[in-house]
Amino acid sequence: NHVNIIIDYHQPDPATPGYRVVGFSVEPISVKHEFQGGYDWDGDNPEGFTKVLDSCTPSTHMVQSKVKDFQIVKPFEKILYTYDVMWQNSDIPWASRWDVYLSEDNLVPAQVHWYSITNSILVALFLSFLVVTILVRNLRRDIAGYNAIAALTDEEKDDDVDETGWKLVHADVFRPPQNYPMLYCVFVGTGVQLGLTTFLAIVFSAVGFLSPARRGSLMTATLVFYMLCGSVAGYCSSRLYKSFRGRKWQLCTIFTATLFPGCAFFMFLFFNVILFFFKSSGSVPLLDVIIVAAMWCCVSIPLVFLGAYFGYKAETITYPTVTSTIARAIPTPPPVLNPKLHMITTGIVPFAAAYVELFFIMTSMWMDQFYYVFGFTLIVFIVLLVTCAEVTVLLVYYQLCAENHEWWWFSFITSGSTAFYTFVYSIFWFRSLEASRMLMTYMLYFGYMFLVSFAIFLVTGSVGAMTSLWFIRKIFSTIKVD
C-alpha cells in the first residue's frame, strides 16, 4: 500500500541547464499507516488530507527498515495508500541508460544463464562423443569391409561371403519418399527459411543492432528477414522437389510461399478480430494488418517464386547410387529400433539442451519482461541445431543398418519432435502464468504456442533432414556398388 517512485536523472553538461531522466523504478512496501494523535479518518472527510501520518512524514522518505508494522488485509480493515517520489542524481549518460538490462544481476543471477550454457554444451559434447565413437568407428570398419568384398574375384565372391548392413539398401536409399513428397519439400524449404530468419534476428540482436530501446525493432527486423529469406525457401524446396522428379512444381512453390505464413497470418487475424470486439489494447490496427498482408503478398511470395526459378534451373541433385525399379522389402525391426519409438522419444534430447533458456524466453514473451541476453540465446540456438543434427544422423545410421531405407520422413520427424516437448512444456509452464480463466486467454496462449511449436518443428526437422541427406550421400559415395 506504499510505493517509492525512484527517478534517476543525469545532467549532460554542467554548464548547460537541463536534465534527462535515465532511470525509473518502483519499490513496493507494506506498512500499517497511523495518524499522529490517533486521528481516525473515514476516507471521505477532507480534513483527513491535512493530517500528518506518524508512519510516513513529509520530511523523510519511507524505507523498508523503518516499517514498524505491516498492513494486514482483512474484512472491514481501513487501508491507506501512499507514495514517495525520490529524485536521484545519476552518473549514467543518456546513451547508456539501457545498459542496466545487459547486467545479469538486474534480471536473474548470472549463474542461471551460465548453468543453461553449461547444460547445453555438455549435452552437445556427449552426443558428439557418441557420434565419434560409434559412427566413425563403425563406418570405417563397414566401408573397409564393403570395399574389400568388392575387390574379390567372382570365384571368391561365390564362396560364403554375405553382405550385411546398410550397403544392402543402396538401390533404395535415395528413392523419393512414398508419402507426400511435395509436402516434405515444402516443410524443408519453410524450415530453412525460418531457421535462417531466427539466426539472423538473434545475431543482429546480439551485436546490438536491435535494441529494446527501439520498440518494435526486433519484430520489424524479423519480418524483413523472413521476407528476404523467402528466396532461400523457394530454392531449397524446388531443388529437392526436382530431385524427386516431381512435375507439379508450380503447386510446390505456392505451398512453400503460403503454407506456414498463411496459417500464421489467418490465426493472427482471427485472434485480432476477437480482441477488437473485446476492445482490448492488444488488438492491432487495421492499417498495420493491411501492411503485413501487403508485405507477404507483394514481397515474400514473389521472392519465393524467384528462388524456385533458380532452383529448378540449377542442376539436379546427383546421388552416388542408382535407384531400382522395385522397392526392397523392409524387414521387421527389433523393438529397440522401432522407427515410431525413435520419432517420439528422440526430441527430448535437443529439448534438454535448451529448456533452461526457454524458460527465460517464455517469461519475456508472456510476462512482458525484458530479454536482452541474445549472446546466450545464440549459443543455445547453435547447440540446439547441432544436437538435432547429431542425434538424427546417429539414428538414421541405425535404421539403415536395420535395412530400413525409408529415412526421409523419419529424419524430419525424429529431429522435429523437439517441438512436441516444447508444447508439452508450455502446458506445464502455463500454470506459473496465473492468467485469467477467460476462454480468450486460453485460446491466445495455446494458439500462439502451437504456432511457435510448429515453427520449431519445421526448423529442427529441416536441420535433421538436410544433415541426414548429406550424411547418406557421403557414406554411399565411399563404397563400390555393382
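# Notebook: patches, rings and bridges

I started with valine 21, which I found in strand 2 (residues 20-29). Strands here are DSSP runs of E with at least two residues, helices are runs of H or I with at least four, and both are numbered from the N terminus. A note to myself: this is a predicted model, where local features need pLDDT of at least 70 and side-chain atom pairs count only at pLDDT 80 or more, while totals for chains, interfaces and linings use all residues. Residues are numbered from 1 along each chain as its sequence is written, and side-chain values use heavy atoms, with hydrogens and water left out.

**Entry: the surface patch**

Is valine 21 buried or exposed, or partly exposed? I got 44% relative accessibility, so valine 21 counts as partly exposed. My cut-offs are under 20% relative accessible area for buried, over 50% for exposed, and partly exposed in between (1.4 Å probe, protein chains only).

The areas come from the Shrake-Rupley method with a 1.4 Å probe, and for residues only the protein chains shown count as cover. Strand 3 (residues 82-89) gives the most to this patch, with three residues.

**Entry: the whole chain**

How many helices and strands are there? I have 13 helices and three strands down for the chain. Of the 482 residues, 41% count as buried. The chain exposes about 27,200 Å², and carbon and sulfur atoms supply 66% of that. I also checked contacts (heavy atoms within 4.5 Å). Among those with a separation of 6 or more, 79% join residues 24 or more positions apart.

**Entry: rings**

I found 38 aromatic pairs in the structure. One of them is phenylalanine 204 with phenylalanine 209, a tilted pair at 5.6 Å centre to centre and 50 degrees between the planes. Rings of Phe, Tyr and Trp (its six-membered ring) pair if their centres lie within 6.5 Å; planes under 30 degrees apart are stacked, over 60 edge-to-face, and the rest tilted. Phenylalanine 204 is partly exposed at 30% relative accessible area, and phenylalanine 209 is exposed at 55%.

Phenylalanine 204 also pairs with phenylalanine 225, again tilted, at 5.1 Å centre to centre and 50 degrees between the planes. This pair links distant parts of the chain: phenylalanine 204 sits in helix 3 (residues 181-206) and phenylalanine 225 in helix 4 (residues 217-228), 21 residues apart. Phenylalanine 225 has 14% relative accessibility, so I filed that residue under buried.

Ring pairs also link a cluster, and its members include Tyr184, Phe187, Trp408 and Phe457.

**Entry: serine 411**

I looked up serine 411 next, in helix 11 (residues 408-416). Serine 411 comes out at 0% relative accessibility, so it counts as buried. A polar atom of its side chain lies 2.8 Å from the backbone oxygen of tryptophan 408. Which residues touch serine 411, leaving aside its neighbours within four places in sequence? I listed Tyr184, Thr392, Val396, Gly461, Gly464, Ala465 and Ser468.

**Entry: glutamine 71**

Glutamine 71 is in the loop between strand 2 and strand 3. Glutamine 71 and histidine 33 are 38 residues apart in sequence, yet 7.8 Å apart in space, C-alpha to C-alpha. Beyond its neighbours within four places, glutamine 71 has contacts that include Asn1, His33 and Ile79.

**Entry: salt bridges**

Side chains of opposite charge can pair when their charged atoms come close. For a salt bridge I need a side-chain nitrogen of Lys or Arg within 4 Å of a carboxyl oxygen of Asp or Glu. My search of the whole structure found two.

Aspartate 172 and arginine 175 form one of them (2.5 Å, N to O). Aspartate 172 is buried at 3% relative accessible area, and arginine 175 is buried at 12%.

Glutamate 403 bridges to arginine 328, with the closest N and O atoms 3.1 Å apart. Glutamate 403 lies in the loop between helix 10 (374-401) and helix 11, and arginine 328 in the loop between helix 7 (286-313) and helix 8 (339-345), so the pair ties together parts 75 residues apart in sequence. Arginine 328 is partly exposed, at 32% relative accessibility.

Notes. A polar contact is a pair of N or O atoms within 3.5 Å; within protein, one must be able to donate a hydrogen and the other to accept it, and residues adjacent in sequence count only if both atoms are side-chain atoms.
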